[in-house]
Amino acid sequence: MADNKPAILSVFGKEIELPVLTPTAGPDCLDIRKLYGQGDVFTYDPGFTSTASCESTITFIDGDKGELWYRGYPIEQLADNSNYLEVCYLLLYGELPNESQLKDFVARVTNHTMVHEQMHNFFRGFRRDAHPMATMVGVVGAMSAFYHDSTDIGDPWQREVASIRLIAKLPTIAAMAYKYSIGQPFVYPNNELDYASNFLNMCFSVPAAKYTVDPALAKAMDRIFTLHADHEQNASTSTVRLAGSSGANPFACIAAGIACLWGPAHGGANQAALEMLQEIGTVDQIPEYIRRAKDKDDPFRLMGFGHRVYKNFDPRAKVMKESADEVLDLLGIENNETLKVAKELEKIALEDEYFVERKLYPNVDFYSGIILSAMGFPTSMFTPIFALSRTVGWISQWKEMLSDPQNKIGRPRQLYVGADKRDYVPVANR
Ligand code: SDX
């Protein structure tokens, strides 16, 4: 912890004082806001590996210890004792709700799960084989064309309404994207069901047959939502904050977050990880893939492995691994080859110097696909499920940014290494 003395930076002989900001937990921060004005220099940090973009009270990650807290509560305790909507309340408002607060919050979310009936037409404009993430980006962005009474970001009440609408409607939109992709009719939300059961019902029930949600699967689904709810200033959250800093409406900001999450280096890794495990196929094929992952000339990476922040295990991956055993057992799936490959791959990788040296461990995406696949979801639905889970984190961070008195439009600078100033040459002289 700093002794509150400023850091002194000597820039071309000029000494510049940089205040040291001390956090509740984590590294101290050098406040460089005045650096360009006083020293006429920028800092350079592509990928923001050493840069704090904001002050936040929502989520804390200790990458060395493998810790993740939502509003100070360790993720393991929330995964074991809480549920997703209670975690949504915690992330949005900062404290765990009492019984009446939770009851009221659940009722508000439950009563916003339907989407405007005309939004059904949007889906019919997509090809049936469109990736559900493409559909979600489009339809969530289009919410700003329907819910005009919650797009004024200057009105706290409209921010609140938009937050509840997004948390409530994302599962409905994700389920509709899935149903559309398999040519089945949309299933309306059922307000008698809890959040996770409602999502499973909207995905897997059909008008022609009775469908009862297995409470144990609903609990596993709810836990997956909780594990993905927020994760500090990751790429998609930073996208939402940057979009929101321009004053864009909440639906446009969340659509931007969904688009960023889709990338295979980020939320798209859960789909890529399961496809990789299925491509490996059997345990005896693992050494070849480990070799390829280490080969600098081969673009192949172990999907679901490594993390910008976690240089120890990802606590979510540990919970997810336990959950994978439980869900497969519950479904009576024995000797799941993919799970066997995943566990053996993790074991081999964690004994291999390349991965140990680079502190590469399984992340949240390594086991999640095994559970979702066992539940009956196609790989194309893995990232939409991540997106609907993360919506509460995105919207909580968006609200925090808007209420931050230091909030201003995000506008990074650059290290320009292009052509020096030069005069135009007419085409005849080139
Ligand atoms: C998520 O930020 C978040 O919080 C994200 C997230 C969230 O909840 O929001 O946690 C969700 O996105 C999890 C990460 C999902 N992505 C994957 O599983 C894709 C595979 N992993 C990598 O692409 C990579 O590990 C990243 C993108 C996750 C992190 O990349 P970094 O921090 O930029 O690390 P790096 O690319 O600089 O790698 C450091 C070294 C390199 O080798 P050297 O150049 O030092 O020799 O490790 C190697 C990399 O080549 N490396 C890997 C590897 N990940 C890193 N080598 C093989 N397989 C991998 N998976």
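The structure holds 19 salt bridges, a salt bridge being a side-chain nitrogen of Lys or Arg within 4 Å of a carboxyl oxygen of Asp or Glu. This is a predicted model, in which local features need pLDDT of at least 70 and side-chain atom pairs count only at pLDDT 80 or more, while totals for chains, interfaces and linings use all residues. Residues are numbered from 1 along each chain as its sequence is written, and side-chain values use heavy atoms, with hydrogens and water left out.

One of these salt bridges joins K399 to E160, with the closest N and O atoms 3.0 Å apart. This pair links distant parts of the chain, since K399 belongs to helix α18 (residues 382–402) and E160 to helix α7 (residues 156–181), 239 residues apart; helices here are DSSP runs (H or I, at least four residues), numbered from the N terminus. K399 counts as buried at 16% relative accessibility, and E160 is likewise buried, with a relative accessible area of 11%. In these descriptions buried means under 20% relative accessible area, exposed means over 50%, and partly exposed is in between, as found with a 1.4 Å probe and protein chains only. K399 and E160 also take part in a network of salt bridges that links them with D104 and R108.

A second example is the salt bridge between E346 and K321, where the closest N and O atoms are 3.1 Å apart. E346 lies in helix α15 (residues 337–349) and K321 in helix α14, so the pair ties together parts that are 25 residues apart in sequence. Of these two partners, E346 is buried, with a relative accessible area of 13%, whereas K321 counts as partly exposed at 28%. The side chains of R358 and E357 form another salt bridge, at 3.6 Å from N to O; here R358 is partly exposed at 35% relative accessibility, and E357 is exposed at 52%.

We can now turn to the annotated residues. An unreviewed UniProt entry carries the annotation "active site" for H307 and D365; such positions are given in the numbering used here, feature names are shortened, and annotations may be inferred rather than shown by experiment.

H307 is found in the loop between α13 (286–294) and α14 (315–330), and at 22% relative accessibility it counts as partly exposed. Leaving aside neighbours within four places in sequence, H307 is in contact (heavy atoms within 4.5 Å) with H231, R316 and N363. A polar atom of the H307 side chain also lies 2.9 Å from the backbone nitrogen of V309.

D365, by comparison, lies in helix α17 (residues 364–375) and is buried, with a relative accessible area of 5%. Not counting residues up to four places away in sequence, D365 touches H266, G267, A269, N270, A273, G304 and F386.

Finally, what forms a nonpolar patch on the surface? Y44, L415 and V417 do, with about 390 Å² of accessible area together. Patches are made of residues with over 30% relative accessible area and no salt bridge, with like charges joined within 9 Å and nonpolar side chains (Val, Leu, Ile, Met, Phe, Trp, Tyr) within 5 Å, and accessible areas come from the Shrake-Rupley method with a 1.4 Å probe, where for residues only the protein chains shown count as cover. V417 is placed in the segment after α18 and counts as exposed, at 72% relative accessibility.

Definitions and conventions:
Helix = DSSP H or I, 4+ residues; strand = E, 2+ residues; numbered from the N terminus. Polar contact = N/O pair within 3.5 Å; in protein donor to acceptor, adjacent residues only side chain to side chain.
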